Amino acid sequence: MRYLFALIVTLFLANISNAQIDLNINLGSQPVWGPTGYDHVEYYYLPDIETYYHVPQHRYYYYNNGIWIHSTNLPSRYSNFDYYNSYKVVVNEREPWHNHKTYKQKYSSYKGRNDQPLIRDSRDSKYYVIEKHPEHNNWVKEQNNKKSNQNNNKNDKQGKHDNSKNKK
């Protein structure tokens with residue numbers, strides 16, 4: 001009975017730690033135009049267009065005719081907006097547009113700035129997991145090679161064990 005209890009507690013703790021990892025790291029969801037240095041991002045505030053981008057859902061929140069709208073695309077009035085040459089403020093808060101006056105006032109001086117290091121330009125391998133990163137395909141090949149080598153090593157070890165059993 002103690003062993004069953006210990007097994008249940010261990011599995012429960014393992015599930016909690018996996019959930020915490022999933023909640024705390026979302027590198028693979030971040031767009032390549034995002035700034036480097038963040039393992040977890042809920043929203044980017046884009047001061048140039050006073051818009052919020054929700055990273056997990058790839059959704060924009062912007063003010064339109066007196067209400068906050070959400071959409072998977074920016075409205076046509078922002079069609080010339082350049083993500084790569086604009087400043088992004090990381091906001092890890094639920095529904096940050098409710099505090100928009102604060103963000104607007106605090107980050108209005110960031111309008112027109114384009115001096116952030118971008119994920120697209122980073123050579124830190126942790127960003128290669130992002131599908132649109134220029135090094136992503138090379139990273140995938142490398143991961144596949146590592147898996148293949150690990151499987152080969154397992155098979156080699158398995159074969160050595162089998163051979164030694166057969167010799168006895």
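The questions below ask how the terms used for this predicted model follow from its computed values.

The model is predicted, with local features needing pLDDT of at least 70 and side-chain atom pairs counting only at pLDDT 80 or more, while totals for chains, interfaces and linings use all residues. Residues are numbered from 1 along each chain as its sequence is written, and side-chain values use heavy atoms, with hydrogens and water left out.

Q: What makes the pair Glu 50 and Lys 104 a salt bridge?
A: A salt bridge is a side-chain nitrogen of Lys or Arg within 4 Å of a carboxyl oxygen of Asp or Glu. The closest N and O atoms of Glu 50 and Lys 104 are 3.7 Å apart, so the pair meets that rule. Glu 50 lies in the loop between β1 (43-46) and β2 (51-54) and Lys 104 in helix α2 (residues 100-107), so that the pair links distant parts of the chain, 54 residues apart; helices (H or I, at least four residues) and strands (E, at least two) are DSSP runs, numbered from the N terminus.

Q: Why is the pair Glu 50 and Lys 111 said to tie together parts of the chain?
A: The side chains of Glu 50 and Lys 111 meet in a salt bridge at 3.2 Å, N to O. Glu 50 is in the loop between β1 and β2, whereas Lys 111 is in the loop between α2 and α3 (136-167), and the pair therefore joins parts that are 61 residues apart in sequence.

Q: Why is Lys 111 called partly exposed?
A: Buried means under 20% relative accessible area and exposed over 50%, with partly exposed in between (1.4 Å probe, protein chains only). Lys 111 has 40% relative accessibility, so it counts as partly exposed, and Lys 104, at 37%, is placed in the partly exposed class as well.

Q: How do you know that Asp 121 and Arg 120 form a salt bridge?
A: Their side chains meet at 2.9 Å, N to O, which is within the limit for a salt bridge and therefore counts as one. Asp 121 is partly exposed at a relative accessible area of 44%, and Arg 120 is partly exposed at 30%. Elsewhere, salt bridges that share partners join Glu 50, Lys 104 and Lys 111 into one network.

Q: Why are the buried residues of α2 said to line one face of the helix?
A: The buried residues of α2 are His 100, Tyr 103 and Tyr 107. Seen down the helix axis, they fall within an arc of 65° (taken from the directions from the axis to the C-beta atoms), so they line one face. On the other side of α2, Lys 101, Gln 105 and Lys 106 are exposed.
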